[in-house]
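Trainee: I would like a close look at one part of this model. Please take me through it step by step.

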Amino acid sequence: MNTNNLVDGKHLFRDLVDIDRLRAMFDNFAQATGFTVGLTSFPGRELLVSTGCRSICSTFHRNCPKAKHHCK
């Protein structure tokens, strides 16, 4: 594991933040605003939270290289 990507060389983001509570907050935000929210780890880009996504996200944006680049 590359310790340069850890907080203080010890902790991953998911170790410091309650992902389930963050997901609930993002769900409420997505319902209230209609915006989608995606949170990925850095630099691994592991999807930690995804809310409000619609079929266009998975059927178009993730399959079109240019759109996928802008999404990330």
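Which residues make up the largest nonpolar core?

Mentor: This is a predicted model, so local features need pLDDT of at least 70 and side-chain atom pairs pLDDT 80 or more, while totals for chains, interfaces and linings use all residues. Residues are numbered from 1 along each chain as its sequence is written, and side-chain values use heavy atoms, without hydrogens and water.

The largest nonpolar core has seven residues: Ile19, Leu22, Phe26, Val37, Leu39, Leu48 and Val49. Such a core is a set of buried Ala, Val, Leu, Ile, Met, Phe, Trp, Tyr and Cys residues joined through side-chain atoms within 4.5 Å. Buried means under 20% relative accessible area, exposed over 50%, partly exposed in between (1.4 Å probe, protein chains only). Helix H2 (19–33), strand S1 (37–40) and strand S2 (47–51) each give two or more residues to this core. H2 gives the most, with three. Helices (H or I, at least four residues) and strands (E, at least two) are DSSP runs, numbered from the N terminus.

Now look at H2. Its buried residues are Ile19, Leu22, Phe26 and Ala30. They sit on the same side of H2, because they cover an arc of only 75° around the axis. That arc is taken from the directions from the helix axis to the C-beta atoms. On the other side, Asp20, Arg21, Asn28, Gln31 and Ala32 are exposed. Helix H1 (13–16), S1 and S2 are among what covers the buried residues of H2. Take Ile19: its contacts (heavy atoms within 4.5 Å) include Leu48 and Val49. Just after H2, Gly34 takes a positive phi of about 85°.

Conventions: Lists of a residue's contacts leave out its neighbours within four places in sequence.
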